[in-house]
Amino acid sequence: METLFAVLIGILFAGSIYLLLSRKLVRILIGIAILGNAVNLLIFTAGRLTRDVPPIIPENSYFPLEATANPLPQALVLTAIVISFSFLAFFLVLGYRTYQELGTDDLLEMRVAEPKEHSEPPQGY
Amino acid sequence: MAVTQTTVDTAAAMVTEAVPLADWLLVAPVLLTMAGGATAIIFRKKSFVQPWIAIATISLVILSNIGLLNHVLTNGVVTMVMGSWLPPFGIAFTADPLGALLALTASIATLCVAIFAINSIAENERRYGFYPFLLMLLCGVSGSFLTGDVFNLYVWFEVLLISSFGMQILGNEKIQIDGAVKYAVLNLIATTLLLTTTGLLYGLVGTLNMADIAGKIKALDSSGPVLAIAALYFLAFAMKAAAFPVNFWLPASYHTPRLVVAAIFAGLLTKVGVYALLRVMVLLMPEGRDWLASLIGLVAIATMLTGSLGALAQTDIRRLMGYLVIAGIGAMLAGIAVGNEVAISGAIFYAMHSVLIMTALYLLVAFMFQMSGTFSLRDIGGLYIRTPLGAAIGLVLLLAVAGLPPFTGFWAKLLLVAGALEADRGWVAAGVLVSGLLTTIAIGRLWIFAFWRGGNEHTMDGIQALPIAGSSDASEISWSIWLPLLALTALIVLIGVMPEALMSISDNGARTLLDPTEYIRSVFGGIR
């Protein structure tokens with residue numbers, strides 16, 4: 001099961017990195033969305049996959065008597081989902097505003113902050 | 001069905017005795033800034049109150065951080081766990097001298113920025129949440145410095161990141177949106193890489209508590225996975241810290257936001273990356289640091305040279321400052337690359353120095369812009385005649401950033417070079433010194449052009465040029481600009497003249513990092 005997940009996570013990472021290397025902002029945003037999900041799956045798998053055994057400690061006992069599912073990765077993933085979701089929302093608005101203001105979604109044409117022709121610094125003193 | 005009453009011994013899982021009052025100082029910076037930020041949002045419509053809420057909050061944070069640093073220095077490393085769950089299960093906040101010192105420095109820099117912003121952030125931009133963002137940024141930075149849990153570190157990184165996004169685009173200009181795209185995307189990728197690596201580390205050692213990780217990594221049979229994780233952490237934090245070759249987002253974005261915003265970014269954000277590197281590489285994975293030492297050394301030298309050569313090649317003063325930030329990051333990385341007590345102490349001292357000096361320099365740029373109305377090295381000039389005091393402040397700050405005595409930067413670089421020579425890594429020491437020389441040339445040019453030269457490019461030295469349009473007279477500069485500039489300059493001179501106290505703190509911090517026994521004992525007490 002872990003092996004299968006490892007391969008799936010690898011494919012997701014590969015896809016997201018391919019998209020992140022693109023020049024188009026929209027593709028980069030999709031890459032970021034996939035990246036977030038790939039990481040969530042990775043954390044989930046890193047906590048080991050155990051099916052159908054809820055992590056409940058029986059009465060009169062201080063620890064579970066049999067191996068149960070690990071609840072911690074679920075808490076971590078939940079935190080990461082909330083964060084990556086809010087970031088994606090911000091990025092979508094930022095991407096839209098960028099297209100509105102700069103009139104392009106091509107990263108190579110976004111040269112407002114670093115214009116192509118800039119004046120040389122003064123020579124000498 | 002009646003619930004059967006079972007007696008549970010909570011002492012097996014929880015801290016039962018009350019937390020000592022002094023230990024609450026550990027979470028005070030985070031709680032205060034969150035409360036202050038929330039209060040500032042409430043006063044959105046009465047935005048003239050906001051600066052005072054922020055200044056009051058940050059002053060309290062400074063007081064609490066002074067108390068915390070004192071507590072840590074007298075009683076050793078302090079730990080507090082959330083929800084009273086015994087470590088490693090509860091999220092631990094652990095303050096060692098490194099974390100406490102940087103938290104204090106960061107809050108001082110933030111206070112200066114908060115005061116500077118009173119008159120330099122426009123009313124409508126204040127209404128868009130400058131002060132709440134500033135407080136939440138400090139909240140994230142303080143949390144990063146004080147947390148003792150790697151996943152929690154990631155959460156604080158996200159807190160400071162989302163606040164910084166809000167500040168980056170304050171003003172809604174074309175250039176800011178362009179800068180924000182590069183800044184936001186690359187920083188988010190770096191933070192996601194941090195999360196990925198934390199997930200892998202959790203899969204390897206099954207814990208997220210830093211003290212627990214430090215112990216468990218030593219007990220592992222094979223070092224392969226640890227080395228891979230160390231390399232990934234290095235990439236993630238180097239990206240946050242803007243080290244070569246993943247530094248290009250910084251000069252592309254730091255000149256676009258409002259200058260007060262750039263001041264707080266340059267002061268705090270990259271230093272959080274360096275702090276995390278120190279924490280992870282030296283405390284958690286010394287094995288990984290030893291393995292990567294030569295690579296970190298090369299990256300450090302490349303970063304220092306990129307920074308100082310880049311600074312030489314700029315016409316825009318704001319971009320020049322961006323490259324000076326990068327040069328400083330290289331110096332701190334050099335300390336991590338050498339890795340003995342003296343060099344780590346130098347890196348800690350440099351981080352403290354860099355927080356103060358980079359904040360002060362961006363504030364100086366804002367001051368110079370107000371006096372001259374331009375950022376171009378070709379057009380600026382005549383500031384010495386207009387404001388001798390400003391010229392003196394400028395000279396002190398610029399000499400300090402280049403690492404010339406008797407200011408803070410000199411002592412930091414002295415420790416770095418001494419440590420590198422002691423560890424027989426002369427090439428790292430040479431890198432620090434060459435970069436210092438190049439930086440001196442760059443800042444010398446800046447000071448001569450901006451202050452000494454009478455006017456724009458074709459004016460003779462010392463001759464008063466015609467007043468530049470859009471510039472103001474020195475007497476029109478408000479107290480809210482003078483006060484933080486003078487305070488930071490005074491602090492830099494004071495620490496530079498009397499460095500012993502801070503050096504003993506940074507030595508202490510380096511010792512605690514290199515020998516994690518005290519850190520682990522603080523978290524687990526008598527348990528193991």
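This is a predicted model: local features need pLDDT of at least 70, side-chain atom pairs count only at pLDDT 80 or more; totals for chains, interfaces and linings use all residues.
Setting aside residues up to four places away in sequence, L134(B) touches A54(B), T110(B), V113(B), A114(B) and I264(B).

**The nonpolar core**

L134(B) is also a member of the largest nonpolar core, which has 226 residues. Within this core, the residues with the most contacts are L134(B), L361(B), Y362(B) and L397(B). Next, select helix α14 of chain B, residues 341–372, which gives the most to this core, with 23 residues.

**Helices α5 and α6 of chain B**

Now select residues 130–146 of chain B, helix α5, together with residues 150–168 of chain B, helix α6. Their axes come within 8 Å and cross at roughly 155°. Because angles over 145 degrees count as roughly antiparallel, α5(B) is roughly antiparallel to α6(B). The crossing of this pair, α5(B) and α6(B), is left-handed.

To inspect the contact, colour the two sides separately. On the α5(B) side, select F130(B), F133(B), M136(B), L137(B), C139(B), G140(B), V141(B), G143(B) and S144(B). They meet L153(B), W156(B), F157(B), V159(B), L160(B), S163(B), S164(B), G166(B) and M167(B) in α6(B). Sorted by class, the contact of α5(B) with α6(B) has twelve nonpolar and six polar residues, with no charged residues.

**Between chains A and B**

Bring chain A into view. Here, 36 residues of chain A are in contact with 36 residues of chain B. Select α2 (25–46) and α3 (71–102) of chain A: each supplies at least two residues of the side of chain A that touches chain B. Helix α3(A) provides the largest share of that side, twelve residues. Colouring by class, the side of chain A that touches chain B has 24 nonpolar, seven polar and five charged residues.

**W447 of chain B**

For the last stop, return to chain B and select residues 426–452, helix α18, where W447(B) is found. Leaving aside neighbours within four places in sequence, W447(B) is in contact with G394(B), L395(B), L398(B) and W452(B).

How values were computed:
Residues are numbered from 1 along each chain as its sequence is written. Chains are lettered from A and ligands numbered from 1 in the order in which they are written. Axes are lines fitted to C-alpha atoms, for helices over the stretch in contact, and angles run from 0 to 180 degrees between N-to-C directions. Helices (H or I, at least four residues) and strands (E, at least two) are DSSP runs, numbered from the N terminus. Angles under 35 degrees count as roughly parallel, over 145 as roughly antiparallel, 65 to 115 as roughly perpendicular and the rest as oblique. A crossing is left-handed if the near helix is turned anticlockwise from the far one by less than a right angle, and right-handed if clockwise. Two residues are in contact if their C-beta atoms, placed from the backbone, lie within 7 Å. Ala, Val, Leu, Ile, Met, Phe, Trp, Tyr, Cys and Pro count as nonpolar, Asp, Glu, Lys and Arg as charged, and the others, Gly among them, as polar. A nonpolar core is a set of buried Ala, Val, Leu, Ile, Met, Phe, Trp, Tyr and Cys residues joined through C-beta atoms within 7 Å. A residue is buried if 20 or more other C-beta atoms lie within 10 Å of its own, exposed if 12 or fewer, and partly exposed in between; C-beta atoms are placed from the backbone.
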